[in-house]
Amino acid sequence: MKMRPTIFLFDIDGTLITITRAGRVAMERAFAEFFGTSGEVFAEFSFAGMTDRAIVRAGIERVTGSCNESLVDRLMNDYAKNLAATLERDNEYRLHRGVSDALEIAERRPNGALGLGTGNLRLAAKAKLDPFGLFERFRFGGFGCEHEDRATILRWGAERGARLLGRAREECDVLVIGDTPKDVIAGHAIGASVIAVATGPYRAIELRRAGAVHVFDDLGDPEVREILHGG
Ligand SMILES: [Mg+2]
């Protein structure tokens with residue numbers, strides 16, 4: 001059986017790893033340093049499934065009531081710098097069950113391209129995955145520095161994957177692996193199949209409600225392997 005070329009786009013937070021506080025701490029610090037704000041800019045604001053660009057923009061709007069692109073770029077930069085430093089001090093992060101096997105299967109898939117589809121800035125993705133030695137495993141990606149809209153990030157990621165495989169995007173299957181309703185919706189918006197895992201802040205029923213068909217407790221489920229294998 002000849003396998004169709006397949007592009008894998010893995011989300012990071014809640015899917016591969018969970019970082020308890022560092023992302024939020026680094027973001028708050030960037031705002032405190034730049035605006036001199038005290039207290040939490042992002043109180044009662046969920047980062048789940050949000051792109052870093054959208055988080056930064058929302059924060060700036062909360063503080064100033066308006067926003068411009070150069071300010072977004074500046075704050076994103078500050079955040080990424082803070083994140084690397086925060087992660088060095090903070091070791092409250094973990095790898096989710098089944099991740100190593102899942103990545104290995106995706107990597108070995110004939111005609112497969114293993115990439116990231118994440119709301120994280122590229123630098124933030126590297127800072128988060130480097131402690132696990134995982135960043136270099138992904139050969140391409142769509143990142144949160146590139147666009148605020150998750151579907152656009154995934155679309156660009158998929159195009160890069162197709163280029164890597166030397167194929168037209170239409171000739172490839174795309175499989176998005178994520179943990180939030182936003183991953184599910186963005187994946188379906190670009191015509192991808194989606195594996196949704198309940199290792200992030202959302203329960204299986206919420207992921208199903210967002211339209212996910214393949215929902216699992218974690219990536220260690222045998223059926224996940226089967227899907228990644230192309231079965
Ligand atoms: Mg996530």
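A residue counts as buried if 20 or more other C-beta atoms, placed from the backbone, lie within 10 Å of its own.

**View 1. The whole chain.** This is a predicted model: local features need pLDDT of at least 70, side-chain atom pairs count only at pLDDT 80 or more, and totals for chains, interfaces and linings use all residues. Numbering runs from 1 along each chain as its sequence is written. Of the 231 residues in the protein chain, 44% are buried.

**View 2. Inside the nonpolar core.** Of its 64 residues, Phe8, Leu9, Tyr79 and Val174 touch the most other members. Domain 1 (6–19 + 94–229) and domain 2 (22–89) both contribute, so the core lies between them.

**View 3. Around Tyr79.** Contact means C-beta atoms, placed from the backbone, within 7 Å. Setting aside neighbours within four places in sequence, Tyr79 is in contact with Ala26, Met27, Ala30 and Val56.

**View 4. Where the domains meet.** Domain bounds come from an automatic or database domain assignment. The centres of domain 1 and domain 2, over C-alpha atoms, sit 24 Å apart. Their contact takes 22 residues from domain 1 and 15 residues from domain 2. On the domain 1 side, α5 (122–129), α6 (150–165) and α7 (181–189) each supply at least two residues, and α5 brings the largest share, four residues.

Technical notes. Buried ≥ 20, exposed ≤ 12 C-beta atoms within 10 Å, placed from the backbone. Core = buried A, V, L, I, M, F, W, Y, C linked by C-beta atoms within 7 Å. Contact = placed C-beta atoms within 7 Å.
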